[in-house]
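Trainee: I've got a two-chain structure to get through today. Can we work through it together, one question at a time?

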Amino acid sequence: MTHGNGTRGIFGSAIKRREDPKLITGRAKYTDDLQLPGMAYAAILRSPFAHARIRHIDTSQALALEGVLAVFTAQDVEEAGIPGVVPVGWLLPTLKTPAHPILAKDRVRYVGDAVAVVVAEDRYTAHDALEAIQVDYEPLAAVADVRQAVEPGAPAVHEEAPDNVAFTWEIGDREGTDTAFQQAAHVAKLDIVNNRLIPNAMEPRAALADFDPATGELTLYMTTQNPHIHRLLMSLASIGLPEHKIRVVAPEVGGGFGSKIHHYVDEAIVSFASMKLGRPVKWTATRTETYQTDAHGRDHVTTAEMAIDGEGKILGVRVNTYAAMGAYLSTFAPAVPTYLYGTLLSGEYDIPHIYCHVTGVFTHTTPVDAYRGAGRPEATLVIERLVDECAHLAGMDPVELRRRNFVPPDKFPYQTQVALVYDSGNYEAALEKALEKVDYQQFRREQEEARRQGRYLGIGFSTYIEACGLAPSALVGQLGAQAGQWESAVVRVHPTGKVTVYSGSSGHGQGHETTFAQIVAAELGVPYEDVEIVEGDTEAIPHGWGTYGSRSAAVGGSAIATAARRVVDKAKKIAAHLLEAAEEDIVFEDGKFYVKGSPDQAKTLAEVSLQAYLAHNLPKGLEPALEATAFYDPANFVFPFGTHVAIVEVDPETGQVELKRYVAVDDVGNVINPLIVDGQIHGGIAQGVGQALYEGAVYDESGNLVTGTMLDYAVPKAHFLPAFETDRTVTPCPHNPLGVKGVGEAGTIASTAAVVNAVVDALRPFGVTHLNPPVTAEKVWKAIHGA
Amino acid sequence: MIPPKFDYHRPTSVQEAVQLLQSSPEAKVLAGGHSLIPLMKLRLAAPAAVIDIGRIPDLRGIQALDSGELRIGACTTHHEIATSQAVQRAAPLLAEAAAQIGDRQVRYRGTIGGNLAHADPASDLPAVVVALNATLQAEGPQGSRSIPAAEFFVDLMTTTLQPGEILTQIRVPALGQGTGSCYLKFEHPASGYALCGAAAIVSLNPDGSCAQARLCFNGVSARPVDAAAVAQALVGSDLSDGAIDAAVEDHLRVPDPVGDIHASASYRQELAKALGKRALKAARDRARG
């Protein structure tokens, strides 16, 4: 397939990702690949205790080691007079906000809490020196479990929250919901655990800080999904340099899944060290540090109820959730179990009454924050499990119960009882397509036959909805965000007609260089190869918010399209002038401007651009050059949805769950690149299957992370997974210029619930009604054998 | 992930390796490095010196004697064993187990000698060499000695190798005619190590009844478990599914079963029952051809 000769159809074309050759041949430059003259290496001493008082730190032996340049502790930070904290970026009315110092002062609160930093001439010496630092700890009682942490007498993580309650929050109509439950024919009640997950980006976090004492400027290369947020928080709260003296660069970033959104102490520590030493300082996390310090995901304990009437219509949903925050409030942690969770509890259903109460809880564990899906997989698991359980109680087919409760296509925009306004949707269409692909009735017959032979097959549905591309900024601000939710773009046409695009999005594996170029090639009618995408450098890109929450296509892409359309508007004025015609008579088509009816007398965009820069002959009053900037603030969230179906077989002798088939029908609106969309869905499904069957962080009674390595914590491997069968329906987003929605998290949001539902379906003959993820073989075996 | 400093030696003969080990008792022997290096990177092991025996030519390769016995150099990789026609002919159980170790990268670097000397109870080879009645050859300052596999494994990560001794060769007798074998593993999804691994060997009499049987397990105890009572119960039986199920149900006892965050002791015993039955049935079917 060639695309250089024209741009018709480039939007929507399954071209291969242009970034892949450099990534798969090892030529891409990641933070840890960077070498600067005079660079030193940092290693961070981390608390081995979940909770302890620091009586004394003796760094003298470490400092005496050859090659050690410095050892810094909280005392040095204090003496430097910098703010020295990492802040929380989302506030709730009841939120307690104890300070999170970049190096622990007096007290450590989780295994991995940063206590001191060694800077040395090489990485080995830095790590040797860690062992030479003497810390006199007084170990204190710790609590790692979210429910135990709110029991009376539990050890307090922070003095500011003696009961460990970080916040309480509610949404919906409590009394109305209670009343609705009194009318119920059936009430499903489940105790649901959303297991704690550990992100595992292929590239560990890293930071290289280069402070120039001559200019007073700090350049910080780091593994970030959002360089501008890091620049802002670094300036405001961590090191106190003015924002215009800080440049944050994201080199190639090898995956994030949310874990590289957050502002961690580590990048502030190396920046502080570089400022103190006047030398570049690099730190790269070991995988052990990744496990201990990358913000974890999920960790909810929930009591959930759903009431239905005699016909299977949902009357109400009541949810009470305890959500772990960990030892400190990570950047966007308070938003995840609240505005990204409670607001999703209507699912795809027309539910008249919903009430949700959430308690955010401090525990002596790694902080918890957004991890792929962030709140929405948790909500989907709750709702989709309840729907299945209701169907079971009512003796109905779970598909039929879903159908009876879908928000019908003619009811959009649909106001849910939990704040969101769904702008569009056609849920039954996606469901029907999925049913056809799995041949549902045939499966039920096979299932029955298999059961007679002692084989246990199960099918699980997840008819999910996702709200992503958080918006608009004003609304999100009212909800507590300390960040805007628009995105910036600059589209610059060079005199030769080549194009450079500067985006405030910050890709880290999503394929922006490809999809964004496809958008611009389509908008400007230039060859795809003529468009270059620049991201991830606060010096090159004016402002922006980055890549998270499946916002890059919907928000970043919309900003790019808007800027490109402004370029066309300006070019049209110049073309009209050159063609001596009125602007409204100019047609723009396939990258050419011509007067209506005279397509042979056309000016190409390159010709117009050259004139724009020569400025010899421009319309009166028009500025030279051909570029445009957009700051696009969306009118609403976007709402991807779909139906995922998992088919499993359970081995009753070992409890092993085999995922035999996985069908995903997703509606992500208009598709820019089907190959990339499928890739995102595939990866998302795999991560959700991970939560369903394998993953789960385990802390012991003392707060030690016992699943602290890849030997102990199972991420799904390729051979655990079947070939996914994907398909789509297309319901374009009605409010953005491209009609696109998000796709990065959809797979994860849907798949955990589908797989858990499938396992429970397989185990119905044993009287099993619920299993909490991860549904390990042993858990299944015990459920079957009543052990 | 960043090990402390250590000295590195690369001897070219077994004799030199033994001398080095004698002169630096704090040293660790490195073969394929797939057990030792991760421990060093986590700073759980910090040997003063590493003696790399991986490039000693005498320690590599597979030799099949006329008797059918295999002589396998300790530094032969899992990949070489899994794909060796000689091993597949004489001791297919060993090839089948070697092919299930870790992943491709591990199999290309990890070695049989390193694996056995490390004595990780969740590893795949210990129960297999016990089931095969292999003999392990060790070289030390006092010379060479032979250790029957059944006597080699003492406890978790502990063998009868003496300080200063290096495991040099594994001798595996060939399985006879009318014999089938099978290695089945229930792996932990993270590590790929065996929560339970079952090694079964079944030999048939001309009338199809059971002449001999072996059933050994990895992963369920601190050392390989030889379920001799199950094997005994099967001898003379018709090896029907019912006979196998009954032998396992009635006679399988796991001494000191291990339980940890990955699997409880009771669940591991259930896995041993399920996998033991399946491995015996598969071995029987293969013996019948």
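This is a predicted model: local features need pLDDT of at least 70, side-chain atom pairs count only at pLDDT 80 or more; totals for chains, interfaces and linings use all residues.

Trainee: Which element of chain A gives the largest share of the side that touches chain B?

Mentor: First, the polar contacts: between chain A and chain B, 9 residue pairs are counted, both partners at pLDDT 80 or more. On the chain A side, the elements giving two or more residues are α4 (123-132), α9 (287-293) and α20 (777-785). The largest share, 5 residues, comes from α4(A).

Trainee: How much area do chain A and chain B bury between them?

Mentor: Start with who takes part: 27 residues from chain A and 24 residues from chain B are in the contact. On the chain A side, T654(A), L711(A) and E778(A) supply 23% of the area buried against chain B, more than any other three residues. Carbon and sulfur atoms account for 61% of the total, and that total is about 2100 Å².

Trainee: Now inside chain A. How far apart are the centres of domain 1 and domain 2 of chain A?

Mentor: The assignment gives chain A domain 1 (20-27 + 486-632), domain 2 (34-140 + 202-255 + 260-293) and domain 3 (374-468 + 637-785). Domain 1 and domain 2 of chain A do touch, with 18 residues of one in contact with 18 residues of the other. Taken over C-alpha atoms, their centres are separated by 39 Å.

Trainee: Which three residues supply 39% of the area that domain 1 of chain A buries against domain 2 of chain A?

Mentor: The area buried between these two domains of chain A is about 1500 Å², with 53% of it from carbon and sulfur atoms. On the domain 1 side, one trio gives more than any other three residues: H508(A), T538(A) and W545(A).

Trainee: And how many salt bridges are there between domain 1 and domain 2 of chain A?

Mentor: Take R247(A) and E539(A), whose closest N and O atoms are 3.7 Å apart, so the pair passes the 4 Å cut-off. The domain 1 side that touches domain 2 of chain A has 5 nonpolar, 10 polar and 3 charged residues. Between these domains the salt bridge count is 3.

Trainee: K260(A) pairs with E203(A) in a salt bridge. How many residues apart in sequence are the parts that this pair ties together?

Mentor: The N to O distance here is 3.1 Å, and a search of the whole structure finds 67 salt bridges over all chains. K260(A) lies in the loop between β11 (246-249) and α8 (265-277) of chain A, while E203(A) is in the loop between β8 (186-194) and β9 (206-212), so the pair ties together parts whose separation in sequence is 57 residues.

Trainee: Over to chain B. How many charged residues are on the side of domain 1 of chain B that touches domain 2 of chain B?

Mentor: Domain 1 of chain B covers 7-52 and domain 2 covers 57-172. By class, the domain 1 side has 7 nonpolar residues, 5 polar ones and, for charged, none.

Trainee: Last one: which strands stand at the edges of the open sheet in chain B?

Mentor: That sheet has 4 strands in the order β11-β12-β13-β14, with antiparallel pairing. Each edge strand has a single partner, so one side of it is left without a neighbour in the sheet; the two are β11 (179-187) and β14 (225-226) of chain B.

Notes:
Residues are numbered from 1 along each chain as its sequence is written. Chains are lettered from A and ligands numbered from 1 in the order in which they are written. Side-chain values use heavy atoms; hydrogens and water are left out. Contact means heavy atoms within 4.5 Å. Buried area is the accessible area (1.4 Å probe) that two parts lose on being put together, summed over both. A polar contact is a pair of N or O atoms within 3.5 Å; within protein, one must be able to donate a hydrogen and the other to accept it, and residues adjacent in sequence count only if both atoms are side-chain atoms. Domain bounds come from an automatic or database domain assignment. A salt bridge is a side-chain nitrogen of Lys or Arg within 4 Å of a carboxyl oxygen of Asp or Glu. Ala, Val, Leu, Ile, Met, Phe, Trp, Tyr, Cys and Pro count as nonpolar, Asp, Glu, Lys and Arg as charged, and the others, Gly among them, as polar. Two strands pair if DSSP finds at least two bridges between them.
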